[in-house]
Amino acid sequence: PAADLVHKVTIVPHGRALGVTEQLPTDDHYNYSVTYLMARLAVMLGGRTAEEIAIGDVTTGAENDLVEATGLARRMVARWGMGNLGLVAFKSDDHQPFLGYDLSQGREYSEVTAAKIDQEVQRLLEERHKAVYELLTGAREKLDLLVDTLLKEETVDQAMLAEILKARSTNGNGDRR
């Protein structure tokens, strides 16, 4: 509920992406709450988790989502004090355009602290993955219906997605419950 609305989902390749989930914010954001950022992590991990559930295996298709999720989790922990390390922000300049710049500058925190940051990033990602896994497992029929629809239509818009998500399961006779 805290995530931006999904505008469309497609399996039509776009650049190097084999498919895309396009979300549009309902309003401009200047500050992000922990609730919103955790929802963003869940969305980023959704495709990879759906692969695990639907095909019992994982592919390289979620690479960009994993990179983005890891970066977001690291910012949450190291910059915004949104992890279990407390109210602390560690200086990091991960947007430097010069290769090796950050290596030559050194860190303002110890290797022990760097390891704690890494562990906390991993904890956040694992926590979100578990939550998404439980959510998708509980909604397996809807996940399968979305997959079937995407395989037929290639693109699902917001209205069609809403129909799929409110679809009810059927009993043994095919009647909707």
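Which residue in β3 is the bridge partner of threonine 10? In the predicted model described here, that partner is threonine 155. Residues are numbered from 1 along each chain as its sequence is written, and side-chain values use heavy atoms, with hydrogens and water left out. Because the model is predicted, local features need pLDDT of at least 70 and side-chain atom pairs count only at pLDDT 80 or more, whereas totals for chains, interfaces and linings use all residues.

The chain contains 6 helices and 3 strands. Helices (H or I, at least four residues) and strands (E, at least two) are DSSP runs, numbered from the N terminus. Along the sequence these elements follow the pattern β-β-α-α-α-α-α-β-α. Of the 177 residues, 25% count as buried, where buried means under 20% relative accessible area, exposed over 50%, and partly exposed in between (1.4 Å probe, protein chains only). The accessible surface of the chain is about 12,100 Å², and carbon and sulfur atoms account for 53% of that surface; accessible areas come from the Shrake-Rupley method with a 1.4 Å probe, and for residues only the protein chains shown count as cover. Contact means heavy atoms within 4.5 Å. Among contacts between residues at least 6 apart in sequence, 54% join residues at least 24 apart.

Confidence is expressed as pLDDT, the predictor's confidence in each residue, from 0 to 100. The mean pLDDT of the chain is 87, and 85% of the residues reach 70 or more. The lowest confidence is in helix α3 (residues 101-105), with a mean of 56, and the highest is in helix α4 (residues 111-138), at 97. Over residues 169-177 the pLDDT is below 50, and this stretch has 12 contacts in the model beyond near neighbours in sequence. Where pLDDT is low, the predicted coordinates should not be read in detail.

The 3 strands form an open sheet in the order β2-β1-β3, with antiparallel pairing. The edge strands, β2 (20-24) and β3 (155-157), each pair on one side only. Neighbouring strands of the sheet are turned by 20 degrees against each other on average, direction ignored. Two strands pair if DSSP finds at least two bridges between them. Strands β1 and β2 are paired in the antiparallel sense over 5 bridges, and valine 6 stands opposite glutamine 23 in β2. Strand β1 (residues 5-10) is joined to β3 by 3 bridges, and these two strands run antiparallel.

Two helices are placed against this sheet. Helix α5 (residues 140-153) lies across β1 and β3 and runs at about 115 degrees to β3. Helix α6 (residues 158-165) packs on the sheet and touches β1 and β3, its direction making about 85 degrees with that of β3. Axes are lines fitted to C-alpha atoms, for helices over the stretch in contact, and angles run from 0 to 180 degrees between N-to-C directions. Leucine 146 lies in helix α5 and counts as buried because its relative accessibility is 18%. Leaving aside neighbours within four places in sequence, leucine 146 is in contact with Val156, Leu161 and Ile164. The C-alpha atoms of leucine 146 and isoleucine 164 are separated by 6.5 Å, the two residues being 18 residues apart along the chain.

Helix α4 has 28 residues and reaches 40 Å from its first C-alpha to its last, close to the expected 40 Å at 1.5 Å a residue. The expected span of a helix is 1.5 Å times one less than its number of residues. Buried residues of α4 include Thr113, Ile117, Leu124, Arg128 and Leu136. The buried residues of this helix pack against α1 (34-55), α2 (63-78) and α5.

Two loop positions complete the description. Proline 13 is found in the loop between β1 and β2 and counts as exposed because its relative accessibility is 54%. Glutamate 154 is in the loop between α5 and β3 and has a positive phi of about 75 degrees although it is not a glycine. At 43% relative accessibility, glutamate 154 counts as partly exposed. Proline 13 and glutamate 154 are 141 residues apart in sequence and 9.9 Å apart in space, C-alpha to C-alpha.
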